[in-house]
Amino acid sequence: MSYDLPRPAGRLLLTPEDKEAPARVRRLRRLGLGEHPEPALDAFADHLAERTGAAYAMVNFIDEHRQFFAGLRVPDVRPRANTDEEAKPEIGRSMERDHGFCPHVVVRRKALVLEDVRDYPRFAGNPVVDEFGIRSYLGAPLIDTTGMVLGTVCVADIAPRAWGKAGLEAIKWTAADLVGRLERREADGLLS
């Protein structure tokens, strides 16, 4: 699915149009972000997953066509012997732009709490629900001091989660903390 094509009347727009994507790509390139995994961001994602108890945690930078997880924590998945359950694919470092919920967070410029994605028709049909078994999501935008949304910090789980107000405040604080770290790196000239 392409996110920038007009939709016929009455059809649900699953992935919102992102008019800031070209400017974001330029900003991310200047910052040296969104092209390769970063051990510090992987460690950040690990800490976030441990703090929330979520199966997945990501630091996600989004361009016009894809999402790139520069920081990624995925569960250790081992094939189960003697089961009829079909194995789910693993989340890799990149994902199509119409997969997942982070593009919505970027365009909305607001945190998104989905305690059970199946409760929201707009999100229940997203490919990550069936392909990866994602059932809950909590994400916040990474908005720098220029006002640009660089991407998101998020967690996701394979079971419904009652994130609540505490979860919402925690993910927003985490996003602000990470933006501060990225901007300090930029100011110190430590970007790749």
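## Close-up views of a predicted model

**View 1. Arg109 in its loop.** Arg109 is found in the loop between α3 and β4 (112-114). The model is a predicted one. The phi angle of Arg109 is near 65°, a positive value in a residue other than glycine. With a relative accessibility of 32%, Arg109 counts as partly exposed. Another loop residue shown here is Gly147, found between β5 and β6. Gly147 is likewise partly exposed, at 30% relative accessibility. Along the sequence Gly147 and Arg109 are 38 residues apart, and their C-alpha atoms are 9.9 Å apart in space.

**View 2. Val149 and its surroundings.** Val149 lies in strand β6. Its relative accessibility is 0%, so Val149 counts as buried. Leaving aside neighbours within four places in sequence, Val149 is in contact with Glu20, Arg24, Val106, Arg109, Pro141, Leu142 and Ile143. Arg27 is 122 residues from Val149 along the chain, and the C-alpha atoms of the two are separated by 9.6 Å.

**View 3. The whole chain, for orientation.** The chain has six helices and six strands. Read along the sequence, these elements follow the pattern α-α-β-β-β-α-β-α-α-β-β-α. The chain holds 192 residues, of which 48% count as buried. Among contacts between residues at least 6 apart in sequence, 67% join residues at least 24 apart.

**View 4. The largest nonpolar core and a second one.** The largest nonpolar core has 28 residues. Val59, Phe61, Leu142, Leu150, Val153, Val155 and Leu178 are those with the most contacts inside this core. The elements that give two or more residues to the core are the helices α1 (21-31), α2 (39-52) and α6 (164-187), together with the strands β1 (56-62), β2 (66-73), β5 (136-143) and β6 (149-157). Apart from this core lies another, of 24 residues, which includes Phe69, Ile91, Leu112 and Val117.

**View 5. Val153 inside the largest core.** Val153 is one of the residues with the most contacts inside the largest nonpolar core. Not counting residues up to four places away in sequence, Val153 touches Phe44, Leu48, Met58, Leu138, Gly139, Ala140, Leu142, Ile171, Thr174 and Ala175. Of these partners, Leu142 is itself listed among the residues with the most contacts inside the core.

**View 6. Helices α2 and α6.** Two packed helices are described by the angle between their axes and the distance between the axes. For α2 and α6 the angle is about 165° and the axes are 12 Å apart. That angle makes α2 roughly antiparallel to α6, because angles over 145 degrees are placed in that class. The crossing of α2 past α6 is right-handed. On the α2 side the meeting residues are Leu41, Phe44, Leu48 and Arg51. On the α6 side they are Ala170, Ile171, Trp173, Thr174, Asp177, Leu178 and Arg181. Phe44 and Leu48 of α2 also touch Val153, as do Ile171 and Thr174 of α6.

**View 7. The Phe101 and Phe123 pair.** The structure holds three aromatic pairs. One of them is formed by Phe101 and Phe123, with 5.7 Å centre to centre and 80° between the planes. This pair is edge-to-face, because planes over 60 degrees apart are classed that way. The pair links distant parts of the chain: Phe101 is in the loop between β3 (94-96) and α3 (102-108), and Phe123 is in helix α4 (residues 121-124), 22 residues apart. Both partners are buried: Phe101 has a relative accessible area of 2%, and Phe123 has a relative accessibility of 8%. Phe101, Tyr120, Phe123 and Tyr137 form one aromatic cluster.

**View 8. Glu115 and its contacts.** Glu115 is found in the loop between β4 and α4. At 33% relative accessibility, Glu115 counts as partly exposed. Not counting residues up to four places away in sequence, Glu115 touches Arg135, Ser136, Pro160, Arg161, Ala162, Trp163 and Gly164.

Conventions:
Residues numbered from 1 in each chain as written. Predicted model: local features only at pLDDT ≥ 70, side-chain atom pairs only at ≥ 80, totals over all residues. Heavy atoms only, no water. Phe/Tyr/Trp six-rings, centres within 6.5 Å; stacked < 30°, edge-to-face > 60°. Helix = DSSP H or I, 4+ residues; strand = E, 2+ residues; numbered from the N terminus. Buried < 20%, exposed > 50% of the residue type's maximum accessible area, 1.4 Å probe, protein only. Core = buried A, V, L, I, M, F, W, Y, C linked by side-chain atoms within 4.5 Å. Contact = heavy atoms within 4.5 Å. Axes fitted to C-alpha atoms, helices over the stretch in contact; angles between N-to-C directions. Parallel < 35°, antiparallel > 145°, perpendicular 65-115°, else oblique. Left-handed = near helix turned anticlockwise from the far one by under 90°.
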